[in-house]
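Please view the sequence and the structure before reading on.

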Amino acid sequence: MAVFTPVSLDDLSGWISQFSLGKALAIKGISSGIENSNFFITTESGEYVLTLFEKLSFEQLPFYLELMRHLAQRDVLVPAPIPNKNGSIINALNGKPAAIVTKLEGAYQPKPQSVHCAEVGTMLARMHLAAKDFGIRQPNLRGLPWWRQTAPVVLPYLNEETQNLLRTEMQFQEDFAASDIYAQLPNGPVHADLFRDNAMFVDTRLTGFFDFYFAGCDTWLFDLAVTVNDWCIDLPTGALDLPRVQAMLDAYHAVRPFTPAEQQAWNASLRAAALRFWLSRLYDFYLPRAAEMLTPHDPTHFERILRLRVTHANPPLN
Ligand SMILES: Nc1ncnc2c1ncn2[C@@H]1O[C@H](COP(=O)(O)OP(=O)(O)O)[C@@H](O)[C@H]1O
Ligand SMILES: N[C@@H](CCOP(=O)(O)O)C(=O)O
């Protein structure tokens with residue numbers, strides 16, 4: 001897995017002349033992508049990542065790529081899209097919209113420690129602040145309206161007790177989204193999928209966040225909750241690891257202090273973040289797309305996390 005649309009060095013050599021990157025020297029498919037065709041490319045100017053978008057269209061892509069450009073220009077560590085000589089960052093290659101972005105150094109950290117979580121907390125807060133004045137607005141396409149559509153579709157596949165959990169949580173989240181507290185939460189463009197496999201490290205130094213293709217406008221707290229629910233847990237049980245949670249929250253707070261409304265909304269946001277990925281994993285598990293070649297992610301992981309966030313006291317925001 002998986003390069004869906006092949007690109008040869010010959011294909012690249014002609015196409016790359018529209019950029020000021022010099023001649024193409026090498027191209028190598030990246031096997032780990034699941035949505036797009038990704039390649040490491042080497043040109044006379046250095047190493048980059050080339051992505052051919054398999055599902056997102058020319059009309060949909062500007063939100064994601066312009067957001068990355070906006071963030072990179074403000075020194076947030078994200079891949080910077082490279083413009084062609086006309087300034088365009090999205091250009092057709094082999095029939096697909098394509099983009100070249102800078103290559104982040106390092107590798108993803110499968111077993112993050114507090115030091116990694118602190119780096120992520122700092123950069124996440126910087127990213128939220130830097131995205132505040134981004135000009136394009138798109139809602140989180142995996143937000144409450146999508147949960148409303150998806151919950152009834154997956155419910156028939158669940159046993160009665162699990163159906164109850166899903167129904168109860170949906171109602172809880174409807175009430176939360178309609179509350180005065182929710183209306184006071186700061187929001188803006190967020191990554192919305194900042195799992196440990198979407199950030200690169202060299203040792204303990206964060207080199208950047210990538211895979212912005214679930215980004216959209218949502219509360220900053222939701223983004224932090226998604227991140228904590230993946231980076232700061234014991235993977236087999238889903239239980240929060242307090243030192244890592246504290247490291248991430250402290251680092252975030254030092255850049256962008258939490259508001260009183262956020263302190264009250266933290267628990268509900270951790271639950272919302274668990275629900276979002278439980279639903280998408282249930283959907284992919286029970287209703288896989290026809291051409292899907294992947295083993296779907298385990299939905300019970302986020303069911304466990306949701307149950308824990310509902311029943312256990314979660315560390316507060318300070
Ligand atoms: N800018 C980048 N710098 C370095 N590596 C990258 C970059 N973008 C993607 N990659 C590598 O490509 C892999 C697949 O990228 P990803 O965005 O997850 O693809 P997909 O959206 O197809 O799932 C990542 O796991 C990472 O190893
Ligand atoms: N992080 C999500 C899956 C999103 O897919 P990605 O590989 O493109 O990040 C999950 O774990 O369910």
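This is a predicted model: local features need pLDDT of at least 70, side-chain atom pairs count only at pLDDT 80 or more; totals for chains, interfaces and linings use all residues.

Residues are numbered from 1 along each chain as its sequence is written, while chains are lettered from A and ligands numbered from 1 in the order in which they are written.

**H7 and H9**

- The axes of H7 (residues 220-231) and H9 (residues 260-286) cross at roughly 55° and come within 8 Å; axes are lines fitted to C-alpha atoms over the stretch in contact, with angles from 0 to 180 degrees between N-to-C directions.
- Helices are DSSP runs (H or I, at least four residues), numbered from the N terminus.
- Contacts (C-beta atoms, placed from the backbone, within 7 Å) involve residues including Leu221 and Phe222 in H7 and Trp266 and Leu270 in H9.
- The residues of this contact divide into 11 nonpolar, 2 polar and 1 charged; nonpolar covers Ala, Val, Leu, Ile, Met, Phe, Trp, Tyr, Cys and Pro, charged covers Asp, Glu, Lys and Arg, and polar covers the others, Gly among them.

**H3 and H8**

- H3 (residues 114-131) packs against H8 (residues 242-255) at about 30°, with axes 7 Å apart.
- H3 is therefore roughly parallel to H8.

**Ligand 2**

- Among the residues surrounding ligand 2 are Glu35, Asp193, Asp211 and Arg281, each with its C-beta atom, placed from the backbone, within 6 Å of the ligand.
- The shell comprises 3 nonpolar, 3 polar and 4 charged residues.

Definitions and conventions:
Helices (H or I, at least four residues) and strands (E, at least two) are DSSP runs, numbered from the N terminus. Two residues are in contact if their C-beta atoms, placed from the backbone, lie within 7 Å. Angles under 35 degrees count as roughly parallel, over 145 as roughly antiparallel, 65 to 115 as roughly perpendicular and the rest as oblique.
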